[in-house]
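Hello,

Here is the structure I promised to hand over. My notes follow below it.

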Amino acid sequence: MADFEPRIVTFCCNWCSYAGADGAGVARLQMPTNFRIIRTMCSARVDPEFVLRAFAKGADGVMVLGCHPADCHYIGGNYRARRRIALLRMVLEQYGFDPKRLKLEWVSASEGEKFQKTIVEFVDTIKELGPTPLVKEAN
Amino acid sequence: MGFFDKLFKKKEEKKEAAPAEKPKAEPASTSASFKAEPAPAPAKTEAPKAAPKAEGGNPDPYAFIVPPVASPGDADVPKDAILPAADLGPLLPGAPAGGKIKLAVYWTAACGGCDVSLLDTHERILTIGDMADIVMWPVAADGKEKDIAAMEDGEITVSLINGAIRNSENEHMAKLLRQKSKIVVAYGTCAMFGGSPALANLVPGGAQEILDYVYTKTPSSANFQAEYHKDAPVIPQTSYQAPEGELTIPTLYDTVKTLDQVIDVDYSIPGCPPLPESISQLLKAVEDFVYNGVPLPPKGTEIGITTKTLCEECPRKKENARITEIKEPHEVDVKPDICLMDQGILCLGPATMGGCGARCTRAGQPCRGCYGPSPDVQEQGASMFTAVASLFPVLDEDPTCGEDEIIKIMSTIKDPLGYFYAYTLGKSLIRRAVKEGGQ
């Protein structure tokens with residue numbers, strides 16, 4: 001497990017979190033490279049199917065980052081997103097996943113540091129949890 | 001859908017033409033006359049005709065099944081919202097020129113409802129025998145596996161297979177029928193999406209755990225085992241050496257599969273079970289192919305669906321009410337014309353393919369999603385998460401509360417996995433229970 005490098009899919013909303021990630025890069029903050037960012041226009045654009053597809057394709061963790069509550073570019077997108085993610089976490093738990101494998105966090109455009117912190121923490125969490133429990137069955 | 005679009009148009013033309021000219025003494029049996037003469041069973045006496053073509057003026061012994069829910073009470077049901085039955089024309093004109101075709105029906109992991117639903121073709125089922133030899137039909141005919149195995153490859157023209165693939169016997173029969181058939185139709189929701197049998201995928205321990213539970217843990221079997229097999233509980237083995245020879249039973253699979261995960265499928269008909277309208281459309285296509293050489297619809301055609309979701313054909317009015325609590329239909333006085341979701345009843349209409357005429361919601365029951373996801377969507381459940389989550393109102397404390405609060409709010413939905421994937425788990429992306437740290 002020591003050399004386990006998780007693969008993490010990160011959905012960033014265009015208006016806050018993606019800019020936050022950009023800020024983290026510009027500020028040259030050090031962070032693990034286990035994540036791939038997919039930019040969406042809003043955290044509510046992240047269809048639950050995207051998340052399930054990421055897991056089905058072998059992602060060890062999925063993060064959805066959006067604007068802070070009351071800060072959404074589209075006024076209420078992140079409220080929708082957090083309800084969907086809550087449902088998804090319930091479903092993932094029913095499947096047998098640890099719901100910690102799906103994380104929702106708010107990162108604003110100016111929070112490069114928070115982005116770094118979130119990534120570091122999440123990578124640590126996933127490293128602790130180990131690889132995805134999903135196995136391609138044989139029969 | 002192109003082929004069937006034409007069918008629908010033909011039917012509409014007929015509707016307009018038929019009342020004008022009453023061809024024979026038989027009931028002209030359009031939707032208009034339906035109310036006056038409730039379901040006569042006409043035309044059985046009609047001799048087989050030479051010209052099987054479905055023409056506008058022909059008496060249609062099937063027209064009385066056209067309005068699926070048009071009981072005399074609901075005249076307000078928009079007729080165009082419902083997929084019509086195919087115009088099957090007069091009865092079949094005897095055996096086709098090239099001899100009878102072979103037709104097989106088989107059930108795999110299914111309840112048998114799909115098998116029986118073929119009888120919804122009403123008296124037409126009697127004359128299907130003119131067109132085809134039914135070489136296998138578990139619920140009605142006496143075909144055996146060895147009869148099928150003895151056939152040439154491709155000898156059967158059409159095989160209808162209903163049910164999910166649950167064990168080795170299911171898979172064997174599906175593969176055998178595929179080999180012997182020109183056309184294989186995934187018939188019904190279980191064959192297409194896994195249906196209820198696929199919910200067994202949520203048992204983490206798979207087949208072993210299921211067998212163990214059924215044969216040692218359920219109260220009746222636990223008593224039996226304790227009384228007769230105290231030390232070694234008896235669980236069915238896949239093979240047993242009897243003095244007379246080896247006995248085998250099929251192996252139960254850990255993961256229930258859909259038909260198209262095991263064999264190549266040509267057409268599919270959703271529904272639990274498929275509606276008479278869908279069956280008539282399939283029958284029409286086969287009849288046209290057999291008697292008139294009309295090419296079959298393109299491979300992969302889904303029969304009996306519209307292009308939009310169920311909400312499109314549901315007559316209930318959407319008020320965009322916000323809900324804070326999920327209710328069961330029996331817990332509330334269901335208002336007859338308001339959207340069920342507005343009333344807090346979980347309805348899978350927004351995520352489910354249309355084509356059934358929204359029978360359940362018309363009757364005050366929520367859609368459970370047996371028609372499967374809409375096109376371009378694989379996850380019916382995920383579509384529902386999106387729809388349902390948006391119905392929960394934004395609260396005053398929303399900007400300040402944490403995610404745990406939101407989980408608490410959403411927990412009013414009990415068992416989201418079982419509810420939203422009740423019919424489509426076999427086709428979903430994750431498909432089965434997983435075990436954290438179990439690799």
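This is a predicted model: local features need pLDDT of at least 70, side-chain atom pairs count only at pLDDT 80 or more; totals for chains, interfaces and linings use all residues.

Is H10(B) mostly covered or mostly open? Mostly covered: 15 of its 17 residues are buried.

Now the contact between the chains. Chain A puts in 34 residues and chain B puts in 33. On the chain A side, two elements give two or more residues each: helix H2 (48-56) and helix H3 (77-95). H3(A) supplies the largest share, 13 residues. By class, the chain A side that touches chain B has 19 nonpolar, five polar and ten charged residues.

H3(A) meets helix H13 of chain B, residues 403-410. Their axes come within 9 Å and cross at roughly 70°. An angle of 65 to 115 degrees counts as roughly perpendicular, so H3(A) is roughly perpendicular to H13(B).

Which residues make this contact?
- From H3(A): A:Arg82, A:Arg83, A:Ala86, A:Leu87, A:Arg89 and A:Met90.
- From H13(B): B:Glu403, B:Ile406, B:Ile407 and B:Met410.

By class, the residues in this helix contact are six nonpolar and four charged, with no polar ones.

Best wishes

Key
Residues are numbered from 1 along each chain as its sequence is written. Chains are lettered from A and ligands numbered from 1 in the order in which they are written. Two residues are in contact if their C-beta atoms, placed from the backbone, lie within 7 Å. Helices (H or I, at least four residues) and strands (E, at least two) are DSSP runs, numbered from the N terminus. Ala, Val, Leu, Ile, Met, Phe, Trp, Tyr, Cys and Pro count as nonpolar, Asp, Glu, Lys and Arg as charged, and the others, Gly among them, as polar. A residue is buried if 20 or more other C-beta atoms lie within 10 Å of its own, exposed if 12 or fewer, and partly exposed in between; C-beta atoms are placed from the backbone. Axes are lines fitted to C-alpha atoms, for helices over the stretch in contact, and angles run from 0 to 180 degrees between N-to-C directions. Angles under 35 degrees count as roughly parallel, over 145 as roughly antiparallel, 65 to 115 as roughly perpendicular and the rest as oblique.
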